[in-house]
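Please read them with the structure open.

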Amino acid sequence: MMSAETGKYIIAAGILVVVAGIVIYFFHDKLHWIGRLPGDIRIEKENFRFFFPLTTMVLFSIGLSFIIWLLRKL
């Protein structure tokens, strides 16, 4: 059953998606470093391309954990 707490999380997730969309829309030319950090695995051959953004995922995970921690404090 849904509660007011669940509603708060859904609203917060929606706000985060909107903010992420606005950032990507206005700053897409300045975000070219995403996925190209040291530690991101990239293998490109003639007919094969493998890409695993390890460092990028770790940074996003840390950022998302901080945002969730901040929302729980409110």
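1. In this predicted model, Thr-56 is in contact with Ile-34, Gly-35, Arg-36, Leu-37 and Asp-40, leaving aside residues up to four places away in sequence. Thr-56 itself belongs to helix 2, which spans residues 54-73. Its relative accessible area is 6%, so Thr-56 counts as buried, the cut-off for that class being under 20%.

2. Met-57 is also placed in helix 2. Unlike a buried residue, which must be under 20%, Met-57 has a relative accessibility of 39% and is therefore classed as partly exposed.

3. Met-57 is one of the residues in a nonpolar surface patch, together with Ile-41, Ile-43, Phe-48, Phe-50, Phe-52, Leu-54, Val-58, Leu-59 and Ile-62. The accessible area of these residues together is about 870 Å². Which elements each supply at least two residues of the patch? They are strand 1 (41-44), strand 2 (49-52) and helix 2. Helix 2 gives the most, with five residues.

4. The two strands that contribute to the patch are paired with each other: strand 1 and strand 2 run in the antiparallel sense, with four bridges. Ile-41 has Phe-52 of strand 2 as its bridge partner, and both Ile-41 and Phe-52 are listed in the nonpolar patch.

5. How many salt bridges does the structure hold? There are two. Side chains of opposite charge can pair when their charged atoms come close. Arg-42 has 39% relative accessibility and so counts as partly exposed. Glu-44 is likewise partly exposed, because its relative accessible area is 48%.

6. The other salt bridge joins the side chains of Asp-29 and Lys-30, at 3.9 Å from N to O. The cut-off is within 4 Å, so please check this pair in the display. Asp-29 is partly exposed, because its relative accessibility is 48%. Lys-30 has a relative accessible area of 54% and is therefore exposed, the cut-off being over 50%.

7. Two aromatic pairs are present in the structure. One of them is formed by Tyr-25 and Phe-26, whose ring centres are 5.0 Å apart. The planes of Tyr-25 and Phe-26 are at 85 degrees, an edge-to-face arrangement. Tyr-25 and Phe-26 are both exposed.

How values were computed. Residues numbered from 1 in each chain as written. Predicted model: local features only at pLDDT ≥ 70, side-chain atom pairs only at ≥ 80, totals over all residues. Heavy atoms only, no water. Buried < 20%, exposed > 50% of the residue type's maximum accessible area, 1.4 Å probe, protein only. Contact = heavy atoms within 4.5 Å. Phe/Tyr/Trp six-rings, centres within 6.5 Å; stacked < 30°, edge-to-face > 60°. Patch = residues over 30% accessible without salt bridge, like charges linked within 9 Å, V, L, I, M, F, W, Y side chains within 5 Å. Areas by Shrake-Rupley, 256 points an atom, 1.4 Å probe, with all protein chains shown as cover. Pairing = 2+ DSSP bridges.
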